[in-house]
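Below are some notes for a colleague who is opening this model for the first time.

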Number of protein chains: 2
Amino acid sequence: MSAAGERRWSEARIHRWLASRERPSLLDGSQGHDAAVLRRMQGRPVLCTDQVIEGVHAAVGTAPRLLGRKAVARTLSDLAACGASARAVLLALRLPRDWTDAAVRALIRGAWTEAERFGAELVGGDLALGVGPASAAVTALGELPGRGRPPGRDRARPGQVVLCTGPTGGSLLGRHLRIEPRLAAGRALREAGASAMIDVSDGLWLDASRLARASGVRLELSDPAIHRDAVRLARRTGRTPLAHALIDGEDHELLATLPRAAAMRVLAAGLPGARILGRVVRGEGVVVRDREGDRVPAPAQLGYLHGDC
Amino acid sequence: MSAAGERRWSEARIHRWLASRERPSLLDGSQGHDAAVLRRMQGRPVLCTDQVIEGVHAAVGTAPRLLGRKAVARTLSDLAACGASARAVLLALRLPRDWTDAAVRALIRGAWTEAERFGAELVGGDLALGVGPASAAVTALGELPGRGRPPGRDRARPGQVVLCTGPTGGSLLGRHLRIEPRLAAGRALREAGASAMIDVSDGLWLDASRLARASGVRLELSDPAIHRDAVRLARRTGRTPLAHALIDGEDHELLATLPRAAAMRVLAAGLPGARILGRVVRGEGVVVRDREGDRVPAPAQLGYLHGDC
């Protein structure tokens, strides 16, 4: 990130630059304080955290703006899986010494622009020096109205249908840096009566399996929608487009279970790209059938996991 | 962290272990979901984030339990500087491949034990693989009652006294891994009318300067309380104990400004270790006098800053 003539980043300079920003409207306390005191919320607080690490979630050398954008988008996607609205984000950065001020500002700007696109504000953070590739840990605060039980992974019920908000696979071709958190879809699905939801972060098959296990049910999926990037990627890898649609991570579409009539209503009201993928039945695990109705054998590894498996 | 015969960490195994924990009482949604839906809060939400990086905030090879403890304690200290109560924490871990399951569990247990010591619960997190030393980013959610303006760095007023909750210096001898977040003191000071507060994380002189600059005032400090660790450390470094008390980071005592009568009341009510260090006057910067009343020259570097200065 460092180039001749450009200054290496300094915590003091970045703080001065941040202090010149417009004051977040959600802030009830002083700007630039140790912690951000926010205005009272009507609904329930929803919290989640996610990271982007160079060399893991993005190639080393990825534009800092895209690192910031991705870190926020991944986190907001977790709020979407609760049907929550986004309110605030915090950004903890671990940065190598040789990044420039300009690169750090670009990352932060990428983060706050992405937050603002979904109605949230960057209200706090931390900057620290660390050996090795850069990383950004984002925490999001969301808000959930009402009093009913929010969607959870453990609430898929036999008789419901399984809905996915979009086609999957091949995100590695670039879409993984431009995740679209499905916040509006998540709210619409929760309001329509979705009892279980998950965001497809580690692969459709793996995340569907997590939902099935947590709920104690089986998911039967049929002819999943294949993203055109999965078709493109399959030409290079020799795998089938369907395999990419089932196993690739970082799509961040939502997988939801809800009564069939409710699913039809929410689709009729407009949820572009969404479709019913199958149904919830008694049993365990995930069964996938292709367009011809043939059962797809489960792959050795269902999706992406960190650490040893 | 890896030893012969011990298993390297896996995200799936750590998640199973976490799922076996008692359900956090603050949780209103399902456990193990993408985001944590919490019960409604009466007061205002307060958010902050802080990190512990091996090789920066703790030596590489520090016991994982102490890394987790320190990461949470640093973050809760930021809540203390608002006079808030701690409610929930989230933990984003970046871990090298060769850590063991046992080491990761020890870090997480260190974090949640520290949170529970202050009435907060670990409600969420993220585990990711990353090259280089381990790091832990913690976000804390606090709660602030009432409607008045919370303490901020920008609200020190001429005529107030400056109070510090304890002696400083020499934390490097080990206290920096066993930070005591001054949550009770922070609440007592806020209730007594402290208008400005900061936690002394990067050094008394530096953090006092931040308070002075943000408030547009001068702080006159006299004969600061010197921790016995500052005396011990001074024997090794050849600096004076006072220099260590003024410049060393990671004490995490609170520096507060409030009317003298209010400070006397809060001291009389019991705030062990706290004392009045000086006063707020018109002007700028920080002036320090030693026990003899002689002015202490400002050091070239006031305290610890990340990145180039």
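1. Basis. This is a predicted model, in which local features need pLDDT of at least 70 and side-chain atom pairs count only at pLDDT 80 or more, while totals for chains, interfaces and linings use all residues. Residues are numbered from 1 along each chain as its sequence is written, chains are lettered from A and ligands numbered from 1 in the order in which they are written, and side-chain values use heavy atoms, with hydrogens and water left out.

2. Extent of the interface. Contact, meaning heavy atoms within 4.5 Å, links 76 residues of chain A with 76 residues of chain B. The two chains bury about 5,900 Å² between them, 53% of it on carbon and sulfur atoms (accessible area lost on being put together, 1.4 Å probe, summed over both parts). On the side of chain A, the most area is lost by A:Asp34, A:Arg40 and A:Leu47, together 13% of what that side buries.

3. Salt bridges. There are 4 across the interface, where the rule asks for a side-chain nitrogen of Lys or Arg within 4 Å of a carboxyl oxygen of Asp or Glu. A:Asp34 forms a salt bridge with B:Arg153 (3.5 Å, N to O).

4. A sheet with strands from both chains. Helices (H or I, at least four residues) and strands (E, at least two) are DSSP runs, numbered from the N terminus; two strands pair if DSSP finds at least two bridges between them. An open sheet of 5 strands, with mixed pairing, has the order β4(A)-β3(A)-β5(A)-β2(A)-β1(B). Its edge strands, β4 of chain A and β1 of chain B, each pair on one side only.

5. Pairing within that sheet. β2(A) and β1(B) (residues 36–37) run antiparallel and are joined by 2 bridges, with A:Leu47 opposite B:Ala36. Between β3(A) and β5(A) the pairing is antiparallel over 9 bridges, and A:Ala88 has A:Leu141 as its bridge partner in β5(A).
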